[in-house]
Amino acid sequence: MSTRLSRGGRLIDRSRPLTFTFDGHPYRGFAGDTLASALLANGQMMVGRSFKYHRPRGLVASGHEEPNGLVNLGAGERMEPNQRATVTPLKDGMVALSQNRFPSLDLDLGVVNDTLLGRFLPAGFYYKTFMWPRSFWKHVYEPFIRKSAGLGRVPEGRDPDRYEHFHAHVDVLVAGGGIAGLSAALAAGRSGQRVLLLEQAPHWGGRALVDEPEIDGTPAAYWVERTVAALEAMPNVRLRLNTQVSGVYDHGYVIACEQLDGAGPRQRLWRIRTKRIVSAIGAIERPLAFAGNDVPGVMLASAMRDYLVNWGVSVGDRVAIVTNNDDAYRTALAVHRAGLIVPVIVDARPNPSGELVRQARELGLRIEAGRGIAKVKGRGRVTGVSLCALAGEGAAIEDIGCDAVAMSGGWTPSVHLWSHCGGGLRWDEGQAMFRPDPAKPPRTHDGSVLVVPAGSSEGELRTGAVLESGLRAGAMAAGGEVLATVAARDAEEGPILPVWIMPQGAPTALKRKMWLDFQNDVKVSDVELAAREGFQSVEHAKRYTTLGMATDQGKLSNVNGLAVLSQSLHKAIPQVGTTTFRPPYTPLTLGTIAGVAKEELFQPIRKTAIHGWHERHGATWEPVGLWRRPFAYLRPGEHVENAVNREVLAVRNGVGLLDASTLGKIVVKGPDAGRFLDMMYTNVMSTLPVGKCRYGLMCSENGFLMDDGVVIRLGEDAWLCHTTTGGADRIHAHMEDWLQCEWHDWKVYTANLTEEWAQVAVAGPRARDVLAKLGGLDLSPEALPFMTFREGKLGPFDARVHRISFSGELSFEVAVPANQGLALWEALVQAGAEWGVTPYGTEAMHVLRAEKGYIMIGEETDGTVIPQDLNLGWAVSKKKADFLGKRAQERVHMANPGRWLLVGLETLDRSVLPEGAYILGRGENTNGQKNTEGRITSTYFSATLDRGIAMALLDRGPERMGQVVRVARKGGEPVEARVVDPVLYDKAGERLNG
Amino acid sequence: MVEVTLSAPLGMISLRGDHGDAALREAVTAVTGTAFPERLRIEGTSERGAAWMSPDELLIFVPRDEAVAAVARLSEALAGVHHLVADVSDMRVCLRLDGPGAREVLAKLSPADLHPEAFGPGTFRRSRLGQLAAGFWLEGEGARVICFRSLADYALALLRQSGRDGAVGYY
């Protein structure tokens, strides 16, 4: 049983008891506990079931590398799966549930995977077992995989918590607040530069406070306290706990996640731009691969020491130690000092001899040198170990009873932040570890080194070297002087003996019980199988076996896995190499990434000056870019279609109002403005007289139609270009692109003044009557003929009135400064009351323009359509020497008479054609599909004509007037439609000229 | 900590032209009564001043009721000089961030360097606030933000929420 000791635990406050539940059992812990330490204190060794085989699993580690201790945390909408118990601070009332078990942790039916299916779930099982027979995939394999895929449960409901971002620009970012990071920050801070020190844990000092070396003649804890105080006193240094550096990106961009505790946001994502990064994020202890190394009670030696020293928790009464290095002896000594029993230290090395080994010997602890563990006894809990010769095949020499095993296979520097941007690694044979290769640092934009490693993340394990490395890294990052070394004292250590499989000659039966990746259930046998099947690349073997692909991203398993792979391939470890380190260091919740952008702040919505009025008058919305435009105005009880029909008829028979404020309005001015516009538009704009309007088309360099709109000439050297709603920003950028990059010597300035004006279309036979009631500007046909504009007072408004029409009716577009927009609209509503003035939305606008055969960018065009396809050749200048798209439009494919061309369609049965439908040609293609000869671009019910109308692109369309074509319909017979002129209403244009 | 409100309407004028042109510099300073704003600078205030928008664009602030006259004055002074001047008083809104937390509220949303060394009085940044394009600078006991008028509601909600979410304790 694990239990709380009566004394000890430097992080817990025994005067502040907390209660929590795990799988419904009420438990007690203390302030300062993690969920993991509190579970152990309550004797809860087993915390979950493994992913594939549902094996009982206990805590293995004490930090972010923990593979087994994942829980569903919280309840209801705050429930979160896969939370690591080892780094979850205990809170009063906490509710945690174990994962991947049914019906309960102790009695799990999925365990059948282990006993029966185990042999059928080897490496690559996805690719093998489930291939045959084919019908089994849908009914047997897939449901099985779906059920077993993923750990934890999906949270219920929306995440009620808030999150935020924070941007910081610094010179030096120090990741990690252990003694390496603290000394690096100290050295960097002295330079006076901006330094930010981030530590993921809630306290400073890292492992030094557990192992208690002597620093600067004082206990490590005292040095840490003094150093933190010195850093806090530096005005240029900022320190933050509970903040994990998640990822390093190009150009010194770094993200870090801060855990907050309070009324505000739950987490804060730091978005940091830094010149240099010191990576002082420590090292992670490696497990050893022996049979049964996943039985609850087998734990990393350092973790066992952490639980003892930090939280006063003993993992077992009799702790067997198994190691290939000296560091694990610290655990043996700590366990012994706590008054517990160390029945044996199994040391793989033939002649262990360091200072810690001597201390253990002097205390009378039994050391078995040159030995290994043949297997762990027990299933839900360790009951003993069988010893064997390391060099042999696992024949048991002796069984020793114990209830916990502390293992240490050496340390792996955490090189993640070094490697995120490409830092290379070298294999240190002596220490048996991959460490940052100073010859292959990650570099930033100017070629200088971006990340400087420090401390044990650089591969230094002794206190003195760690401190020196930190000071050096801090000085290097800040470009300052290296400070004098701090004296340190810790135990001399003997060399490590690399051990990747224990015992070395283990047969397959044992290898099948040697776990490498605890979370994804990958064993030594799986990696060896992958090697036998030809997976030579470590990246391929990883994906084939799923080694390191769980939520812990292989923090414990990667090095052991690739070492086993290298042995199987008879290659040296550095030849096999590591897999790629990618951010984030530990998983981030999506809420953190979204930050403040949720609910009403999810996305900006652009509103015109008249938006509120629309809202109050039944508008149903159409999103256009980030704008919301009224689609139609629903009267009480009215259906959308009815509203659209009513609005269309109101414009045809009386007068309607459209909020056209969203149309792009770009002023183009300068001595070369006319010349510039002649290049931008396909037709000629330079000859447009002042005071007049001209419809224009804009094409890309490739000849495709990209925007259209009315251009007006404001003055001798100034034009105003109207663009589509969605095109305003794009077209402005397009203009600036050409002006800045290609024609930089042309004297032209542009300004996107879209939002300066509100614009209202007043359309219908009564339009002039309504405007006349406002008074002011003379809007008579003589004073303001079609395609002209005037500026002046319209009633109280500062107006520019354009005589243009997108509906085919007599129409005026009135632009006023945006702050006058709502008042203008309301004045028009009032003035038009006697003619039943009707606000109309974008759908009525679409129907009205389609009845007139006017094209719409984005409906008739899709990026592959040229003006000639739409019978708009009249708006493409033949005279101009050049314009954007001219050359492209002369190419063979563009000039091909076989292109699909614009026509109108009328269904014979008067029905509305389906949107986007194809027009069927004769016969079938080589794939047995029906040939097509055109497609529908716009289709509506026309209230004016009381029938379905459509526009379509049809093979040689204009030559085929009167013919009947067949339009495909999903799940039904094709619909017959007659090819007609797209202008279905007032072809002579008498109404808009009225 | 930070109060976010919509400022009273300002007179705003967009001026594009050659910042090296003596006539242009003189025309601007004659209207604002301040120095000419160099790169990333604002001279004067949102009541009367000028901000650097790009290498050939300024935003000039005058009291609202003087905007029309100021545009005319600039046009007249710049006759014969290639330029574009436009009254854009209605195009943008100005938001006030009053309180000592203004800098942190902006730093929650903008990727620009807002450290006092880089963002002090007189610094003008055109950047982003979350998903919004915005300009901002320090003024009075806080900061001012300008953004397109169509986004006023969103900007208010965004800045207010960021204020409510509390201090970061960094600046």
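Okay, a definition to start: two residues are in contact here if their C-beta atoms, placed from the backbone, lie within 7 Å. With that rule, the contact between the chains takes 35 residues from chain A and 34 residues from chain B. Before I go on, this is a predicted model, where local features need pLDDT of at least 70, side-chain atom pairs count only at pLDDT 80 or more, and totals for chains, interfaces and linings use all residues. On labels, residues are numbered from 1 along each chain as its sequence is written, and chains are lettered from A and ligands numbered from 1 in the order in which they are written.

So, what does chain A bring to that contact? Strand 9 (163-175), strand 37 and strand 41 (749-752) of chain A each supply at least two residues of the side that touches chain B. Strand 9 gives the most, with six residues. By class, that side of chain A has 15 nonpolar, eight polar and 12 charged residues. For the classes, Ala, Val, Leu, Ile, Met, Phe, Trp, Tyr, Cys and Pro count as nonpolar, Asp, Glu, Lys and Arg as charged, and the others, Gly among them, as polar.

Let's step back to chain A as a whole. Its C-alpha trace spans about 115 × 70 × 55 Å along the principal axes. Chain A has 27 helices and 52 strands; helices (H or I, at least four residues) and strands (E, at least two) are DSSP runs, numbered from the N terminus. Of its 994 residues, 54% count as buried. Buried means 20 or more other C-beta atoms within 10 Å of the residue's own, exposed means 12 or fewer, and partly exposed is in between, with C-beta atoms placed from the backbone. Also, among contacts in chain A between residues at least 6 apart in sequence, 65% join residues at least 24 apart.

Now the annotations. UniProt positions are in the numbering used here, feature names are shortened, and annotations may be inferred rather than shown by experiment. In UniProt, the unreviewed entry puts "domain: FAD/NAD(P)-binding" at residues 171-418 of chain A. That span is 24% helix and 35% strand, with its end C-alpha atoms 17 Å apart. UniProt also lists "domain: GCVT N-terminal" (unreviewed entry) at residues 610-880 of chain A, a stretch with 27% helix, 29% strand and end C-alpha atoms 41 Å apart. Then there's "domain: Aminomethyltransferase C-terminal", again from the unreviewed UniProt entry, at residues 902-986 of chain A. Residues 902-986 are 0% helix and 53% strand.

Let me zoom in on some helices. How many of the residues of helix 5 (residues 179-189) of chain A are buried? The count is 11 of its 11 residues. Two of these, A:Ile179 and A:Leu182, are touched by A:Val224, which is found in helix 7 (residues 220-232) of chain A. A:Val224 also touches A:Trp204, A:Gly205, A:Ala208 and A:Leu209, not counting residues up to four places away in sequence. A:Val224 is itself buried, because 22 other C-beta atoms lie within 10 Å.

Further along, helix 21 (residues 673-680) of chain A has six of its eight residues buried, including A:Phe676 and A:Leu677. The buried residues of helix 21 pack against strand 37 (664-669), strand 38 (693-699), strand 39 (705-715), strand 40 (718-723) and helix 22 (728-742) of chain A.

Most residues other than glycine have a negative phi, and most peptide bonds are trans. Here, a cis peptide bond joins A:Met502 and A:Pro503, with omega about -5°. A:Pro503 sits in the loop between strand 31 (488-489) and helix 13 (508-511) of chain A. Another cis bond joins A:Pro583 and A:Pro584, with omega about -5°, and A:Pro584 lies in the loop between helix 17 (573-576) and helix 18 (590-594) of chain A.

As for phi, A:Gln553 is not a glycine but has a positive value of about 50°. A:Gln553 lies in the loop between helix 15 (538-545) and helix 16 (558-569) of chain A. A:Arg956 has a positive phi too, near 50°, in the loop between strand 50 (947-955) and strand 51 (964-967) of chain A. Are these two buried or partly exposed? A:Gln553 is buried, because it has 21 other C-beta atoms within 10 Å, whereas A:Arg956 counts as partly exposed because it has 14 C-beta neighbours inside 10 Å.
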